[in-house]
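Here are my notes on this one, as numbered points. Have the model open while you read.

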Amino acid sequence: MALHFHPLRVTSVERDTDDAMVVGFEAPTEGFGFEPGQYLTLRTTLGGQEVRRSYSICSHRALQVGIRRVEGGQFSTWVHEQLRVGDVIE
């Protein structure tokens with residue numbers, strides 16, 4: 001099965017613990033369902049290279065994932081330091 005990416009607008013970026021953030025997204029309205037525990041693969045371009053990471057959906061009411069900062073982790077560091085409400089990620 002081929003992956004299909006949707007542009008997701010960030011609706012919230014909240015610190016959960018010292019090293020974890022909960023990031024919320026505006027879910028696409030058509031053909032997109034989700035359940036807690038299901039994985040969501042996020043992708044963006046960092047330093048000219050496509051980076052993908054998968055995170056577990058952590059809510060049944062809103063499209064949210066928890067992202068723990070990993071020492072030396074390119075994607076998690078970017079989320080913790082640069083991702084803002086209103087940004088779009090696939």
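**Notes on the fold and core**

1. Let's start with Leu42. Beyond its neighbours within four places in sequence, Leu42 is in contact (heavy atoms within 4.5 Å) with Leu8, Phe25, Val51, Arg52, Arg53, Tyr55, Val65, Ile67, Phe75, Ile89 and Glu90.

2. Some ground rules. This is a predicted model, with local features needing pLDDT of at least 70 and side-chain atom pairs counting only at pLDDT 80 or more, while totals for chains, interfaces and linings use all residues. Residues are numbered from 1 along each chain as its sequence is written, and side-chain values use heavy atoms, with hydrogens and water left out.

3. Leu42 also features in the largest nonpolar core, which has 18 residues. Val23, Phe25, Leu40, Leu42, Val65 and Phe75 touch the most other members. A nonpolar core here is a set of buried Ala, Val, Leu, Ile, Met, Phe, Trp, Tyr and Cys residues joined through side-chain atoms within 4.5 Å; buried is under 20% relative accessible area, exposed over 50%, partly exposed in between (1.4 Å probe, protein chains only).

4. Who supplies that core? At least two residues each come from strands E1 (8-17), E2 (20-26), E3 (39-46), E4 (49-56) and E5 (63-68), and from helix H1 (74-82). Helices (H or I, at least four residues) and strands (E, at least two) are DSSP runs, numbered from the N terminus.

5. Now the open sheet: four strands, ordered E5-E2-E1-E6, with antiparallel pairing. Strands pair if DSSP finds at least two bridges between them. E5 and E6 (88-89) are the edge strands, each pairing on one side only. E1 and E6 are joined antiparallel over two bridges, and Arg9 sits opposite Val88 in E6.

6. E3 and E4 run antiparallel with eight bridges, and Leu40 stands opposite Tyr55 in E4. The two strands make a hairpin with two residues between them, and Gly47 in the turn has a positive phi of about 60°.

7. H1 lies across E1, E2, E5 and E6, at about 110° to E5 (axes are lines fitted to C-alpha atoms, for helices over the stretch in contact, with angles from 0 to 180 degrees between N-to-C directions). Its buried residues are Phe75, Ser76, Trp78, Val79 and His80, and the buried residues of H1 pack against E1, E2, E3, E4, E5 and E6.

8. Finally, have a look at His80. His80 counts as buried because its relative accessibility is 9%. A polar atom of the His80 side chain lies 3.4 Å from the backbone nitrogen of Arg69. Sequence neighbours within four places aside, the contacts of His80 are Arg15, Asp19, Ala20, Met21, Ile67, Arg68 and Arg69.

How values were computed. Polar contact = N/O pair within 3.5 Å; in protein donor to acceptor, adjacent residues only side chain to side chain.
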